[in-house]
Amino acid sequence: FCHHGQVSANGLTIVAPGLPEGEVRPDGDVLLTLVRSVGWLSRNDLASRPIPAGPEMVAPGAQTLGVFGTEIFLTVDDDAEKIRHAGAALRGVLGGPDPLLYSGRSMLELEGDGLVISALKPSEHGEGIVVRVLNVTTKASIGRLRVGFDCETASLCRLDETNPSPLELIANELEFNAPAHGLVTIALRPSDG
C-alpha cells in the first residue's frame, strides 16, 4: 500500500520519508519498497494480472539506475493503538552545535482523533519546518500540536506552502481543524534566540 512517510505495525513505527510504499505481511514483517523500476509499460504475459495494465510496450529509461540513498528511522511504542489512532510523538534533535530542543521533550507531539504526522520537512520558503498532518478518519477532528523548541510563528498554508494563515501559538502549542480525510500543512518558524 502507498504510505504517507511512515508504516506502523505491532508497536513499531518505521519512518521512511520519500519512499513510495510499504507492506505489512501476515507474519508481522514490514517490507518497504526502496526503488520501483520497470522495463515495460505493461506485459500481457504476467500471471499475477489477468488483463494488461496498459499497452504492451518497452519503456526505455524507466529503470532506476545508479546510486540510491535513503534514511529510515525506527520508533517503538508499547501502545500500537496510540500510534494508529492518536499519532506518534517523534523524538529528535534539530541539527547544530547547540540543540534547540528542551531537555526531555519531544520535537513534536500531536493529539487528535485519527490524526497522524505524515511529513516533517524543511520549508521551501525561507527558514523553518513544515509539518503535514493527515486525518485518516471520516470525521473532522481538532488537532493540538506541541512543539519542543521555541517557535516564533505558526501558520496554516496550502500544500505548496503558499497563502499562510497565522495560527495562535501559546507556549509553543497550537490548535487546528483537520477535515475528514484532510491533509493539513503547518509552517513553523523557530525563534532566532
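This is a predicted model: local features need pLDDT of at least 70, side-chain atom pairs count only at pLDDT 80 or more; totals for chains, interfaces and linings use all residues.
**View 1. Gln-63 and the residues it touches.** Gln-63 is found in the loop that runs between strand 6 (57-58) and strand 7 (73-76). Leaving aside residues up to four places away in sequence, Gln-63 touches Ser-37, Val-38 and Gly-39. For one of these, Val-38, the C-alpha atom is separated from that of Gln-63 by 5.6 Å, although the two residues are 25 residues apart along the chain. Gln-63 counts as partly exposed because its relative accessibility is 35%, a value in between the limits of 20% for buried and 50% for exposed.

**View 2. Ala-171, a residue with a positive phi.** Most residues other than glycine have a negative phi. Ala-171, however, is a residue other than glycine with a positive value, its phi being near 50°. Ala-171 sits in the loop between strand 13 (165-166) and strand 14 (173-178), and its relative accessibility of 71% is the reason that Ala-171 counts as exposed.

**View 3. His-181, in the loop between strand 14 and strand 15.** Here the backbone angle phi of His-181 is near 55°, which is again a positive value in a residue other than glycine. The loop that holds His-181 lies between strand 14 and strand 15, the latter covering 183-190. His-181 has a relative accessible area of 53%, and therefore it is exposed, since exposed means over 50%.

Notes:
Residues are numbered from 1 along each chain as its sequence is written. Side-chain values use heavy atoms; hydrogens and water are left out. Helices (H or I, at least four residues) and strands (E, at least two) are DSSP runs, numbered from the N terminus. Buried means under 20% relative accessible area, exposed over 50%, partly exposed in between (1.4 Å probe, protein chains only). Contact means heavy atoms within 4.5 Å.
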